[in-house]
Amino acid sequence: MATDPKIADSPIREIQVEALVVMRIIKHSTTSFPTPATGCLVGMDIGSQLQITNSFPFPASNPENQQTNSNPADPYHQSDQAALSLAAPRAKSSATYAGEMIKYLREVNVDAQGVGWYMSCSMGNFVSQAFVENQAFYQRGSEEKTVALVFDVSRSSQGSLNLKAYRLSPNFMAALKDNKFSTESIQKSKLRYQDIFIELPITIHNSHLLTSFLHQMPAAPPQKSALDFPASLAELHHDPNIATNPLAPNLESLDLSIDPFLEKTTDLMLESIEQHTTEQNNASYYQRSLAREQTKIKQWQEKRKAENVLRGQQKQPLLPEDEWQKLFKLPVEPSRLELMLVGRQVEQYARQVDGFNAVVSGKMFGVRGNLLPGEIA
Amino acid sequence: MAGDPKNYLHLARPLAPAPIATQSSAVTAPVTVTLHPQALFSILDHASRRPADQDRVIGTLLGTRSEDGTEVSISNCYAVPHTETAEQVEVDMDYQKRMLELHLRAAPKEVLVGWYATSGDLNTFSALIQNFYGQQGEGTWPHPAVHLTVGTKAGQDIEANTYISAPIGVTAERAADSCLFIPVPHEIKYDDASKSGLELIAGARDREDRSQFLQTDVEMLERAVEQVLEMLERVSNYVSDVLDEEREPSTALGQFLLNTLSLAPKVNPEDIEKDFNNHIQDVLLVSYLSNTIRTQIDLSNRLVTAALTMGPGDGAAATAGEGGEGKGQREGGGGGRGGRGGRGGRSGQAGRDQGRREEQ
């Protein structure tokens, strides 16, 4: 999209993922659905391409273990399972786990460079504070060339694999360093919510062994060039030569299911809107309380001035006029980061709906043309 | 790879109770093994990364067992470094233990079920390792350890075989490195979730560089439709050939086609039109709404930053002279509603109304 930050700004231009990593991520995400699954990626960076060659899941301990084992003063102590696994990529325990795993994997010739982390989501709801903090943690770390892979479980089950790679844009990283998202700083940096992420293109790569396996996977080609006709209907169903083969075309994408997707999307949109209004209310509350404080300060100052005039007339020492800074505390401005994240999330949903729209309209017109032959749409 | 599951003969040697090292009644009941593609891909990857001087590499299999132990499902695996010379074999047992612990932390349900090797032959070393994996304490005892071999010689078929073992041996000293490997049926199960990933991965197999871009939904739809069209073309060619008496008819095929075509529903055109219109409207409505919301949020975010160029910044030191005018500007600038106080209030109200209407 024209408004997205340019890929040229980032040190990495594209991602290459091994088939093994794709399968592992799929399996981990589907087994731990609906809790989000997180894990670490290892691989190597070659020039501007980042290659991901293996992955392993992070342990996200149960809340019961957490209460007995971990120290509640640990800043990453979480009590909810979903929040636990989301916090895992930047937790200290996970860092030691990952370090140890990588050390052992190096002994069996697996690439030993951590290149990022992955997480699973459902219907595109991955934009959150936790996601941004995780990726910032990785991008701030010793290796800057890291990426976040997001696998969407629900959309992938409807036919096509939905895997995206994101990095945080340099503008956003600079703003995050100060962790100041007040209106002035945003005004100065001209940061918009579209600028937060850079999306990178992904290619899937197979090894030679895997390619030969894929060629061999459907049963060996039949010996005769033309199969004999089956003798009966029952034989047709049981003939191993024509039984379903895992690499047969996946025609699930031709399924027409509209309502569940629309319902889920609208639910998620409503949640985002509620978050947005909450944030707006916080901001306006802040403004009002700030204004109240300002009026109080002014009144006090005027009183002081009047008093000082009186004292001046009575030749008494003047009272300082700066004391208002010690007496009154100005309210703190809430961070605008949530607002920006909500905006980005809504944009994600809108894009998904547009994509869905394209596919579903095509299918619907096709079905209609089939059932009502002769009518031109 | 496709061992025909109907033709397995399960041979179990009777176990002499006392003199053999494993005093227990290790189970040698028939076992069926299900292999998950993730494990298989991982084994292939490990085989391609093996050190140059080794012919075969081994590793541990993790998975789940059914209640009675007759069904084993292999869902994960990891490599274990080992060295093999003509006379002896060494397996790094600490590594195996430690990796098992690490994996159990991440996935407590996946337990040790056996081991794998990347070459198809079974020799003494295999027996030694098999006994190690099947032992009490750290092994899979009392369940049998499953041994999976995957032939990975370049140029030959990739063949997978699964075995369980039973002790065999003439004397007690030789019992530790002797083993009878009993083949058991195995099957590679592809669950629905992996199908979409597999399709993409398989799409790369015919290309020169073995890589494939991720495709958007529309492109996948196009591919699926093209495949269906091609299949329909083939079938219709066959049928017209049969009608022209150029090819042999087949009653079974004809019956199958008739059954399939009769699945097309017979419907009322008006109903179809109505349903179609309703659905199209639903989809368009949601698309329009989501784009409107996106625009509105974008607008409100821009107003936040733009409005402040008109008034003094927040938290600025209060200057006594500004008084009411300053107050009005700050209130207008806050909340991102707009420049002047009055207009800001109204557009903010409109935004809140919109949000409330949508919630209803």
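A salt bridge here is a side-chain nitrogen of Lys or Arg within 4 Å of a carboxyl oxygen of Asp or Glu. The model is predicted, so local features need pLDDT of at least 70 and side-chain atom pairs count only at pLDDT 80 or more, while totals for chains, interfaces and linings use all residues. Residues are numbered from 1 along each chain as its sequence is written, chains are lettered from A and ligands numbered from 1 in the order in which they are written, and side-chain values use heavy atoms, with hydrogens and water left out.

Side chains of opposite charge can pair when their charged atoms come close. Over all chains, the search of the whole structure finds 13 salt bridges. One of them joins Arg351(A) to Glu347(A), with N to O at 3.0 Å. These two residues are four apart in helix 13 (residues 337-371) of chain A, which means that about one helical turn separates them. Helices (H or I, at least four residues) and strands (E, at least two) are DSSP runs, numbered from the N terminus. Glu347(A) is buried, at 2% relative accessible area, whereas Arg351(A) is partly exposed, at 22%. For these classes, buried is under 20% relative accessible area, exposed is over 50%, and partly exposed lies in between (1.4 Å probe, protein chains only).

Glu347(A) also forms a salt bridge with Arg294(B), at 3.5 Å from N to O. This pair crosses between chains, running from helix 7 of chain B, which holds Arg294(B), to helix 13 of chain A, which holds Glu347(A). Arg294(B) is buried, with a relative accessible area of 15%. A network of salt bridges links Glu347(A), Arg351(A), Asp354(A) and Arg294(B).

A further pair lies within chain B. Arg234(B) and Glu230(B) form a salt bridge whose closest N and O atoms are 3.9 Å apart. Both residues lie in helix 5 (residues 217-243) of chain B, four residues apart, or about one turn of the helix. Arg234(B) is exposed at 53% relative accessibility, and Glu230(B) is partly exposed at 46%.

Next comes chain B as a whole. Chain B has nine helices and eleven strands, and 39% of its 360 residues count as buried. Of the contacts in chain B with a separation of 6 or more (contact meaning heavy atoms within 4.5 Å), 60% are between residues 24 or more positions apart.

How many residues does each chain bring to the contact? Chain B gives 112 residues and chain A gives 110 residues. The size of an interface is often given as the accessible area lost when the parts come together. Between chain B and chain A, the buried area is about 10,300 Å², and carbon and sulfur atoms give 67% of it. Buried area is the accessible area (1.4 Å probe) that two parts lose on being put together, summed over both.

Six salt bridges are found across the interface of chain B and chain A. In a salt bridge between Glu110(B) and Lys27(A), N to O is 3.0 Å. Helix 7 (residues 269-307) of chain B supplies the largest share of the side of chain B that touches chain A, 22 residues.
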